[in-house]
Amino acid sequence: MRFHLPKGVARAGTLAAALALPLTLVAPAQADPDPRRLAGSVKAQPVVRHLEAFQRIADANGGTRASGTPGYDASRDYVADKLRKAGYKVTIQSFEFPFFIENSTATMARISPNPRTYAPPPDGSSVGEFATMTYSGAGDVTATLQNVDLLLPPPAAPGSTSGCEAADFAGFTPGNIALIQRGGCDFRVKAENAQAAGAVGVIIFNEGQEGRTATVQGTLGEPTVTIPVVGASFEVGADLAAATTVVRLATDTESEIRTTSNVIADSRSGDPGKVVMFGAHLDSVTAGPGINDNGTGSAGILETALLVAKLPTVNKLRFAWWGAEELNLIGSEHYVANLAPAELAKIKMYLNFDMIGSPNYAYKIYDGDDSDATGEPAGPPGSDEIEATFERYFDTLRLPHGGTDFDGRSDYGPFIAAGIPSGGLFTGAEGVKTEEEARQYGGTAGVAYDPCYHRDCDTIANVSTEALLVNTGAIVHSAVTYAYDRSLPGATAARAGAPLRAHGEAGAGHHHAITR
């Protein structure tokens, strides 16, 4: 992979040479540290050491660092120990969450008529014809499939309410498998109604309109259903609905309530009424060690915290490592929901770092001002200034960069919903690099930014050290900039009593399962 750093940077292995270039910033007070100097001191080796530690932890704990497993607890202890030794006030915030793991690949097969085995669930490199719902129960059943209030052919606009009411199951034969169409209510409601009617399994297929035909990769939200539940494409669902069909459905899962935690670290100095917050999720998926997703973001903010630990900052710095992000942002949601309004008001900005070392990377800055006019609207007031700070950093390095939408895929979501100015960096997940991006950043067009996304091959070999170095420098630069900023972006914006804003539906790109 080609990488476009100025030659002095590539030879030295640091950002110092490039950051010596002229940089147009609001000048810090004379006694304040220079963000460029500290960002230029970042070296790849210490950040990689954190990744090596996460890899060792995964190797010693069944290949995973997922929340609710010993691998996560060991990752939490590693981070907390480093922070305590550096002088931070560290809080371990424990919370219960619904744990889920799929122990082996599910099976869905038509037994009659015309026997056929459907392509199995996604492994990160492809999407199958069906996928086990998160929090599905376990079981291996063979039974007659029974249609439940289907709209076939589908209407032009989404309108199905299949399975949303108990009345939809009038006449349902206990012991059958329910075939249900997406739409109208949460998947959990559909599955619970089916289970109450005596179904031994559930297949929920996509509704059929444009943009609603692919395999449903969904979540039931919590472990309330004990029977197998899978999502399927519209094509598969319509095919199964066409005749009296006998289907085998087998899922091997565990769903239960477990305890995990967030790690929160506050600097000893700085105004406690003006908190600048940095976050990255610490957990992996159960399928792998999660070194790019999100060992890289976790390592980047950890090394930043260590580098700035002794600075006598004007504003208080707070660093957070979130648990259970991979199960739909549970850790960050818990943190925001449990802060008193007065404490929440002290957080003047939140910066998020999720996957900052993708092997086929692109440099993506969250689009705080909606200048890309794509997807969700602009972030809360002040988000545009955060975006501009990151843009100046990349411009100084003479590196290309692009925008990425605030679409609800990562832990900025709860902060944006609370009206807090937000920003951050991302290098791409399962999305595919374009020809234009390949010309800008190098790498391979037509291939995922991270081909090992949510797979067991997301190891330390799955990381671009160059992208990790550049992005960690950006985190340090932003930390020092905002640690001494006397007029923080959005600090004067009215937030008291503002309604929470839902920002995007998790699941569009950096994938989290959809709920309905």
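A: Strand β9 (residues 271–281), helix α8 (residues 291–308) and strand β10 form a right-handed β-α-β unit, where right-handed means that, with the strands pointing away from the viewer, the path from the first strand over the helix to the second runs clockwise. Helices (H or I, at least four residues) and strands (E, at least two) are DSSP runs, numbered from the N terminus. The model is predicted, so local features need pLDDT of at least 70 and side-chain atom pairs count only at pLDDT 80 or more, while totals for chains, interfaces and linings use all residues. Residues are numbered from 1 along each chain as its sequence is written, and side-chain values use heavy atoms, with hydrogens and water left out.

Within the unit, β9 and β10 pair in the parallel sense over eight bridges, two strands being counted as paired if DSSP finds at least two bridges between them. Phenylalanine 278 has phenylalanine 319 in β10 as its bridge partner. Strand β10 also pairs with β8 (246–266), here in the antiparallel sense and over four bridges, and arginine 318 in β10 stands opposite aspartate 266.

Strand β10 (residues 315–322) is mostly covered, with eight of its eight residues buried, that is, under 20% relative accessible area, against over 50% for exposed and in between for partly exposed (1.4 Å probe, protein chains only). In a regular strand the side chains alternate between the two faces of the sheet.

How values were computed:
Contact = heavy atoms within 4.5 Å.
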